[in-house]
Structures are given as C-alpha cells and as structure tokens.
Amino acid sequence: MQVNNRLFEIVYILMQKKKITAKELADRFEVSTRTIYRDIETLSGANIPIYASKGKDGGICLLEEYVLNKTILSEEEQNQILFALQGMKRVSGEDQDVLEKLSILFNKRVYDWIKIDFSDWGKDSTQEDRFNMIKTAILNKKLIEFTYYNSDGNKSTRIVEPLQIWFKDKSWYLISYCKLKEDYRIFKIARIKEIMILQQHFQRELPKEHKGEKYNFKIIQLELEISKEMAYRVYDEFENEAISKKENGNFIVTVEYPENEWVYGYILSFGEHIKVISPNRVKSIIKDKLKKTLKNYL
C-alpha cells in the first residue's frame with residue numbers, strides 16, 4: 001500500500017474506532033510499528049490532531065469531534081466532492097467505499113440526490129447492460145465487437161477501440177476508433193446490439209484535439225414553426241433561448257442538429273404541427289418524404 005493511502009486509512013480507522021494500538025495498525029498494514037509511529041509524526045506535522053499515549057489503556061487517538069473539513073476543505077468543496085462521487089456511483093452502478101469514507105470524515109449525511117436509469121418507460125431495457133460492457137472495455141482497454149444500425153437503418157458489424165462514453169442531447173454515445181473505417185467514429189449506444197468484449201488489448205488514447213462535434217456528421221441550423229398545440233413538446237425538448245412566439249401563438253424554434261435520417265424522422269414526428277422554414281434543402285427532403293408516405297395510403 002502506498003504511504004499516502006496508508007495515512008488516509010489510518011485517519012479513517014481512527015474516525016471510526018477512536019483509539020487503536022500501533023501494533024494493531026502495523027498488523028493491518030503489514031508494516032513495522034516503527035513505520036506506524038513515523039506515519040503518526042507525518043500526520044501530526046500536517047496539522048492532523050493525532051497523538052499516541054502509553055500505558056495499559058494507551059493507544060493512538062484523534063482529538064474528539066475532529067472532522068477533516070476543519071483542516072483541509074471548505075464546506076462547499078466537501079459538498080462538491082460528495083455530489084460528484086455520488087453521481088459517478090450512479091453512472092458506474094458500483095459501490096464506492098470512498099463515498100462512505102469521505103462522508104464519515106466530513107461528518108456529513110450523503111443525500112440521495114441523483115438517479116440514472118437506462119431503461120425505457122414501461123419496459124425493461126438492455127441498454128444498461130450495453131453501457132456497463134462498454135465501460136468495462138474502456139477501463140480495461142479491450143476491443144469490442146457489435147452489430148450497429150445507423151440512422152439509415154443499415155446493419156453492419158464493427159470492431160472498435162472504445163475510448164469514451166459521451167452524453168449529448170438526451171442520448172448516450174460511444175466515441176471510438178473503428179477498425180472498419182480506420183478512423184474515429186461516434187456510435188449511438190441505443191443502436192448498438194449483440195455487443196461482445198474481445199480479448200485483444202489496445203493502447204490508443206483519445207486525442208485531445210478531437211471534439212465530439214467534429215466527428216462524422218454535419219451540423220445544420222434549423223428554423224422551425226411549431227403549432228401552439230405542441231407547447232408541451234416545445235418546452236420539454238428545446239432550450240428557452242431557442243424559442244420565440246408568433247402573434248398567433250405558434251412557436252419559432254431555432255436549433256442546431258446533425259443532418260441525417262434521425263433529424264428528418266424527428267421533424268416528421270410532429271406530424272401536421274410543424275413546418276420547416278429553413279434551410280430549403282431540408283424543407284424539400286421533408287416534402288419528398290411526406291409524398292412517399294402518402295403513397296402508402298393511396
């Protein structure tokens with residue numbers, strides 16, 4: 001165990017047990033009692049109120065009512081650390097001993113302030129399993145293989161070096177290096193199926209100059225008129241800064257999205273309650289799709 005970790009553990013143990021002998025600590029950490037006494041001197045030199053007493057009832061103690069925040073971190077910094085750790089715990093799905101330890105050291109209650117659920121409303125989902133497998137592959141630097149359905153509905157098998165999980169605009173994505181395309185690619189996790197972690201390792205790191213927005217899709221600005229009957233969707237799905245109102249109560253929404261089949265389908269999901277104002281190219285594509293749809297009912 002590294003020295004810094006052992007020092008932290010000693011303070012944590014004393015916060016729980018109040019008093020312990022040097023021999024008990026030496027046995028726990030598999031070091032000599034001389035090393036433990038040096039650790040006590042180091043902690044004392046760092047203004048931790050720790051002391052050792054001799055005699056029958058002697059041992060190593062902390063001053064009563066000591067908490068870590070009195071020497072190192074402000075109230076706000078403590079809360080930021082605990083909130084961040086709790087958020088990480090929800091995403092990782094794993095227990096984190098450090099969250100419990102720090103809450104004791106800070107003498108604070110951990111509020112259950114966040115919940116992340118990958119399942120759909122009304123049914124179970126395998127998305128959480130996919131998420132956890134991808135996370136495991138990233139942390140262990142192992143290749144993954146999966147079936148992928150792109151925004152056009154085309155199916156392909158990919159082997160990738162998973163580099164980062166990315167949350168963007170209400171969806172989870174995988175940033176990776178794709179062996180098939182020999183380039184960096186983004187995959188929407190909801191479209192990843194039949195995932196498998198391979199045994200091969202990789203060494204690649206995500207280049208710092210790569211930004212998610214620069215990957216494999218073109219961003220366009222859309223100006224949309226949406227009828228007032230869709231107010232619940234407008235306020236649910238768009239930022240206030242993107243929304244303005246017309247005199248007739250309809251909404252004008254200006255947003256930026258990747259241009260692909262997803263965005264066309266998203267526009268069409270508003271049915272008769274939406275009109276594309278610009279760009280003209282997207283307006284023409286939507287008209288063409290509506291004509292093809294109408295043929296299904298002739």
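Reader: Over the ring of which residue does the charged end of arginine 204 sit?

Author: The model is predicted, and local features need pLDDT of at least 70, side-chain atom pairs count only at pLDDT 80 or more, and totals for chains, interfaces and linings use all residues. Residues are numbered from 1 along each chain as its sequence is written, and side-chain values use heavy atoms, with hydrogens and water left out. A charge sits over a ring if NZ of Lys or CZ of Arg is within 6 Å of the ring centre and within 35 degrees of the ring normal. The charged end of arginine 204 is 3.6 Å from the centre of the ring in question, that of tyrosine 177.

Reader: At what distance from the ring centre of phenylalanine 270 does the charged end of arginine 233 sit?

Author: Phenylalanine 270 belongs to one aromatic cluster with Phe238, Tyr257 and Tyr266. The charged end of arginine 233 sits over the ring of phenylalanine 270, and the distance from its centre is 3.7 Å.

Reader: Why is the pair of tyrosine 257 and tyrosine 266 classed as it is?

Author: Rings of Phe, Tyr and Trp (its six-membered ring) pair if their centres lie within 6.5 Å; planes under 30 degrees apart count as stacked, over 60 as edge-to-face and the rest as tilted. The centres of tyrosine 257 and tyrosine 266 are 5.8 Å apart with planes at 75°, so the pair is edge-to-face.

Reader: Is tyrosine 266 buried or exposed?

Author: Buried means under 20% relative accessible area, exposed over 50%, partly exposed in between (1.4 Å probe, protein chains only). Tyrosine 266 has 14% relative accessibility, and therefore counts as buried.
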